[in-house]
Amino acid sequence: MGDLRSLQCHRQGQGARVLRDGTDINTGIGFLTASDKALADPGKRAAIQDVLQRFAKAWDWSNQNQDAYAKVYQDQTRLGEHTAKAVVGRGEQSLRQVSDDDIKKVQQVSDIFSELQVLPSKVDVGKFVDKTLAVTRECRAGAGTLKIILK
């Protein structure tokens, strides 16, 4: 099982308990990334925008079809049905615009890693965010438009 969260969900069903999670260590925020070189290439940039749209559509489907998604996840990971459903049911995935608060949270983690010498020097996280790449799609709840801006 490559996904430790999958293993955690599975083992908790067998009486295991969490000793430590990422609280106060990490943000829990995930990012999709692309190199500056890829972003500078118009063809690759268009492909990145296309894949972001596809991710958004796929995640909307998975959020709306949890049982079917659990079956796909089970088939792909070879996990048991109970574990696959536990993993899929632990939260919705979505794409949204990177916020200044996101950058601040990741900067705090980066600073800790610098202090602990996990990183060789301080990193300005804000320099790694490209707010010019945007994919717009309708939210599934019809609440408006969600802009996705990632680097």
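**Glu81 and the helices around it**

So, let's start at Glu81, which sits in helix H5, residues 81-88. Helices here are DSSP runs of H or I with at least four residues, strands are E runs of at least two, and both are numbered from the N terminus. Before I go on: this is a predicted model, so local features need pLDDT of at least 70, side-chain atom pairs count only at pLDDT 80 or more, and totals for chains, interfaces and linings use all residues. Residues are numbered from 1 along each chain as its sequence is written, and side-chain values use heavy atoms, with hydrogens and water left out.

The cut-offs are under 20% for buried and over 50% for exposed, with partly exposed in between, using a 1.4 Å probe and protein chains only. Its C-alpha atom is 7.6 Å from that of Ala70, 11 residues away along the chain.

That takes us to helix H4, residues 66-77. H4 and H5 pack with their axes 9 Å apart, at an angle of about 120°, which means H4 is oblique to H5. Axes are lines fitted to C-alpha atoms, for helices over the stretch in contact, and angles run from 0 to 180 degrees between N-to-C directions. Under 35 degrees is roughly parallel, over 145 roughly antiparallel, 65 to 115 roughly perpendicular, and the rest oblique.

Who makes the contact, meaning heavy atoms within 4.5 Å? On H4 we have Gln66, Asp67, Tyr69, Ala70, Tyr73 and Gln74, and on H5 Glu81, Ala84, Lys85, Val87 and Val88. By class, that's 6 nonpolar, 2 polar and 3 charged. Nonpolar covers Ala, Val, Leu, Ile, Met, Phe, Trp, Tyr, Cys and Pro, charged covers Asp, Glu, Lys and Arg, and the others, Gly among them, are polar.

Now the other neighbor of H4. Helix H3, residues 42-64, crosses H4 at roughly 110°, and their axes come within 5 Å. So H3 is roughly perpendicular to H4. Here Trp61, Ser62, Asn63 and Gln64 of H3 meet Gln66, Ala68 and Tyr69 of H4. This contact has 3 nonpolar and 4 polar residues, with no charged ones.

Zooming out, the protein chain has 6 helices and 2 strands, in the order α-α-α-α-α-α-β-β from the N terminus. Of its 151 residues, 28% count as buried.

Notes
Contact means heavy atoms within 4.5 Å.
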